[in-house]
Amino acid sequence: MFCEFDVVLSPEFWPAISAMARWHGDSRVELLVLEPDCETFYLADYGMYPAFSLPVEAGEDEYWEAVGHEPDGDIMGSLAISANVIALTGPSGKWGCWGERDPEVAVFQGFPDVATRDDWRSRFGPFLDAAGALESYLPLTFANREVPQEYAATLTANYGPSGQG
């Protein structure tokens, strides 16, 4: 299931993330920023690694504290502002989210079954399957508002045709 990148980094989305973790028996959610580079950006400028681990019992405020934290009062160090590529998962490794600011999408995988996925989609959406993301979210990020065929083929091969999420 695809959604807009920035949604994943908003406090209101925490219940959706913690629900994914709970389905697989995870007690924690791990978030790691993969870009910008840890050593040359976060560690050099802010003396920190861009990652955190929260218990699934945490609330929206605690999630926002972690995502929105401004090291030394500098908003540019906040993961909500500076993260370009993120990954989320739990200790089980049975689910995950990969998000990229450019092309402004995040994708979730690891639903226990279709009914659970559809319930999650209706409770926490809007979410789109791969075909829907290619029609709605992704054209806005490309020149002429057209997704290149090679990009579309790769995305569909990796994340499935319409209906598979």
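## Strands β2 and β3

Strand β2 (residues 28-35) runs antiparallel to β3, and 5 bridges join the two. Strands here are DSSP runs of E with at least two residues, and helices are runs of H or I with at least four; both are numbered from the N terminus. Two strands count as paired if DSSP finds at least two bridges between them. Leu31 has Phe52 of β3 as its bridge partner.

This is a predicted model: local features need pLDDT of at least 70, side-chain atom pairs count only at pLDDT 80 or more, and totals for chains, interfaces and linings use all residues. Residues are numbered from 1 along each chain as its sequence is written, and side-chain values use heavy atoms, with hydrogens and water left out.

## Two faces of β3

In a regular strand the side chains alternate between the two faces of the sheet. Strand β3 covers residues 51-55. Phe52 and Leu54 point to one face and are buried. Buried means under 20% relative accessible area, exposed over 50%, and partly exposed in between (1.4 Å probe, protein chains only).

## The whole sheet

The open sheet has 6 strands, in the order β1-β6-β5-β4-β2-β3, with antiparallel pairing. β1 (2-4) and β3 stand at the edges with a single partner strand each, so one side of each has no neighbour in the sheet.

Glu4 stands opposite Val105 in β6.

## Nonpolar cores

The largest nonpolar core has 38 residues. Such a core is a set of buried Ala, Val, Leu, Ile, Met, Phe, Trp, Tyr and Cys residues joined through side-chain atoms within 4.5 Å. Val8, Ile17, Tyr63, Leu88, Phe108 and Trp120 have the most contacts inside it. Helix α2 (residues 14-23) gives the largest share of this core, 6 residues. Apart from this core lies another, of 11 residues, including Phe2, Val105, Val107 and Leu138.

Val8 touches residues including Ile17, Tyr63, Leu88 and Phe108, with those up to four places away in sequence not counted. Contact means heavy atoms within 4.5 Å.

## Met76 in its loop

Met76 lies in the loop between α4 (60-68) and α5 (79-82). Met76 is partly exposed, with a relative accessible area of 45%. Leaving aside neighbours within four places in sequence, Met76 contacts Phe41, Tyr46, Ile81 and Ser82. Ala21 is 55 residues from Met76 along the chain, and their C-alpha atoms are separated by 29 Å.
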